[in-house]
Amino acid sequence: MSKRYTITAALPYTNGPIHIGHLAGVYVPADIYSRYLRLTGNDVAFICGSDEHGVPITIKAKKEGVTPQDIVDKYHAVIKQSFEDFGISFDNYSRTSAKIHHNTASEFFKTLYDKNEFVEEVSEQLYDAEANQFLADRFVTGTCPKCGFEEAYGDQCENCGTSHNATDLINPKSAITGNVPTLKETKHWFLPLNKHEQFLKEWILEGHKKDWKPNVYGQVKSWIDDGLRPRAVTRDLDWGIPVPVEGGEGKVLYVWFDAPIGYISATKEWAEREGKNWEDYWKDENTSLIHFIGKDNIVFHCIIFPAMLKAEGSYILPENVPANEFLNLEGNKLSTSKNWAVWLPDYLQDFPNQQDVLRYALTANAPESKDNDFTWKDFQARNNNELVAIFGNFINRVVVLTNKYYNGVVPEPSDLSLVDQETLAAVKAYPHVISSSIERYRFREASQELMNLARLGNKYLADEEPWKTIKTDEERTKTVMFVALQIASALGVLSEPFLPFTSKKLDTILAVSSSGVENSWIDISEKNILLPAGHTIGKAELLFSKIEDKTIQLQLDKLEASKKANEAANKTIEPQKDEITFDDFTKLDIRVGTILEAEKMPKTKKLLVLKVDTGIDTRTIVSGIAESFKPEDVIGKRVSVLVNLAPRKLRGVESQGMILMTENAQGDLVFVNPDTSTPLSAGDGVSNGLKIS
Ligand SMILES: [Zn+2]
């Protein structure tokens, strides 16, 4: 039975391109789900858009000396292109800087304001006096009050996923100036989450205990168990949607208030374009609303946004929020700042036209119930051992043999053997098996069932050996090829949600839609013949090609280069001595001198006794450089001498000053020589500072 679905995928934040973690966590599963629902005859609005407000964008703009609008324009285009390239079949991809969104979010706020759903509060917020600015969200970092992570942001800890207020941070620090912020009074509007606690308990904790994923349910439960507090929905900031009520001057809506409303405005934009009624997709109880997100967004989609929708009063609530865990890359957390990622534009450059390979590898290894690791070796194995050796190999054999034996015309079968009947019956079961996995958001399992169907085909051909029977039994060969062609046809349909580009190619190879013999998802189960005898298929074309070790090695080398670059950037500078004042420095009387005489101090290893002409006098200086220099080598050298160091006796000889020495990059002791460029300070990174010698 046809149903109406509103499927949303997390709005990507517009301060950089998309990487494989985003694809695996949100967009590929959401796309599989949406494509599947469309194939099974449902009414689907698959909605997404760029999230273009918030502090990180303004920080990035400041850093790059451009406007926030420049930043979002740039990355909106890049991200949108990536989604198109990878076949993410959004019905609408909008952006939150669009006018329709500003209006929708503004109205939403005003409705809640008019219904007295906000608490107005003058509170003390963190303020950076030097930057003349309140420090909301990412403008402040500090220690997470929950897990102790020291780099937590003002609105959320990326380590434990906890969302909090900036004033909750321990040891807060301004991200603009590095200063310790002060508290300053400002008025804001808060959404009293505590007021919605009972409803959230009943709706999620009691209502969705069984059908929501345990990782999602568990996080929500722990949130509610901790007790919910009012959350500010406005910010002192100039980039965003202006607060549309009196007293809101100079303030904007909190990005996490406006972003999820972006799903609604993107639906409106789409409905206007398509001549549909957007309210059917957001206000009709018979519509299923599903949010696809990553685990870092659970609190916003399961607590804050539902509380907003509930407070507004006319909206439906999500039926499910199938959040994924995180994908790691080669054993390490994906990181934009450390460039530890596989960026989609880069992938496409290195693997042109191989979008389905990545889609498949990410689905087969999706972080559905726990964090998972993407490795290039696994990617290669998924391609070579599954897509090439099983799926591609089966299709290729069927198409090549059909062309070879029958000029591409599907042969008329004779009596079906028991094996044939069992095989065809097994094919008929696949739509149900795959549906059942998809409908429970088990996309890994679903992708493996699809591969099992290809395995079935491969095994059938290997067992029935048409390339042998063609010499002995023409009628049997026709039957075997007929059965194999039915399996190929089923694969073409059932692979569409997972491998849309391959499915399309297969459609062309089997000449399905061009000759009007296409089948629906349900047809695979219900029809006895998918590809009728007499139908002419096209020529063979390789669906997948083997990925060689050297191609994989290039990717591993890229990551290794990232790792090296990071290590170089993070190399710790050796601790320096305590800071001194300029006054301290001017106390030093340093002069250029010439070493006139030098001899070893008897019975010592390290000491030389030098006679030095300092320009004002000739004096004796004992210097601990005998292990590095022979006496005869230093005579005549021009050196820097600290002449006002208090005299002290060494082995009975009074030393009346100090020769300044330093180390070169190789760690050798060298003179601070006025005639060469040997530096006096450690500033250029070559020397390691003055040595007391
Ligand atoms: Zn934390």
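**Reading rings, zinc and strands**

Tutor: Let's start with F351, which is buried at a relative accessible area of 1%. Keep in mind that we're looking at a predicted model.

Student: Why does F351 count as buried?

Tutor: The cut-off for buried is under 20% relative accessible area. F351 has 1%, so it counts as buried. W376 is buried too, with a relative accessible area of 1%.

Student: How do I read a pair of aromatic rings?

Tutor: You describe a ring pair by the distance of the centres and the angle of the planes. In this structure there are 42 aromatic pairs. One of them joins F351 and W376: the centres are 5.6 Å apart, with 15 degrees between the planes, and the pair is stacked. It also links distant parts of the chain, as F351 sits in the loop between α10 (344-350) and α11 (355-364), while W376 belongs to helix α12, 25 residues apart.

Student: What about Y441 and F443, stacked or edge-to-face?

Tutor: Edge-to-face: Y441 and F443 have 70 degrees between their planes and lie 6.5 Å centre to centre. Both Y441 and F443 are buried. Look as well at the aromatic cluster whose members include F108, F109, Y113, W189, W278 and Y315.

Student: Back to helix α12. Where is its kink centred?

Tutor: On G392, where α12 (residues 376-406) bends by about 40 degrees. Then check what follows the helix: N407 has a positive phi, near 55 degrees.

Student: Next, the zinc ion. Which protein atoms are its donors?

Tutor: Here they are the SG atoms of C144, C147, C157 and C160, lying 2.3 Å from the zinc ion. Along the chain, those donors follow the spacing C-x2-C-x9-C-x2-C. C147 is in the loop between β6 and β7 and C157 in the loop between β7 and β8, so this pair ties together parts 10 residues apart in sequence.

Student: Why is the arrangement around the zinc ion tetrahedral?

Tutor: The general idea is that four tetrahedral donors have ideal angles of 109.5 degrees. Around this zinc ion, the four donor atoms subtend angles of 107 to 113 degrees, which makes the arrangement tetrahedral.

Student: Is C157 buried or exposed?

Tutor: C157 is buried, at 0% relative accessibility. C147, by contrast, is partly exposed, with a relative accessible area of 35%.

Student: In what order do the strands β6, β7 and β8 lie?

Tutor: Strands of a sheet pair through backbone hydrogen bonds, parallel or antiparallel. This open sheet of three strands runs in the order β7-β6-β8, with antiparallel pairing. Its edge strands, β7 (152-153) and β8 (170-174), each pair on one side only. Between β6 (residues 140-143) and β7 there are two bridges, in the antiparallel sense. G142 stands opposite A152 in β7.

Student: And for the whole chain, which domains are assigned?

Tutor: The assignment gives domain 1 (4-108 + 256-333), domain 2 (111-235), domain 3 (386-526) and domain 4 (582-692). Between the C-alpha centres of domain 3 and domain 4 the distance is 86 Å.

Student: What separates the C-alpha atoms of T111 and A311?

Tutor: A distance of 9.2 Å, although T111 and A311 are 200 residues apart along the chain. T111 is found in helix α4 (residues 99-114). With a relative accessible area of 28%, T111 is partly exposed.

Methods:
Residues numbered from 1 in each chain as written. Predicted model: local features only at pLDDT ≥ 70, side-chain atom pairs only at ≥ 80, totals over all residues. Heavy atoms only, no water. Bend = angle between axes of the 7 residues up to and from the residue. Helix = DSSP H or I, 4+ residues; strand = E, 2+ residues; numbered from the N terminus. Pairing = 2+ DSSP bridges. Donors = N, O, S within 2.8 Å, 3.2 Å for Na, K, Ca; no water. Tetrahedral: all angles 85-135°; square planar, octahedral: opposite > 155°, others 65-115°. Buried < 20%, exposed > 50% of the residue type's maximum accessible area, 1.4 Å probe, protein only. Domains from an automatic or database assignment. Phe/Tyr/Trp six-rings, centres within 6.5 Å; stacked < 30°, edge-to-face > 60°.
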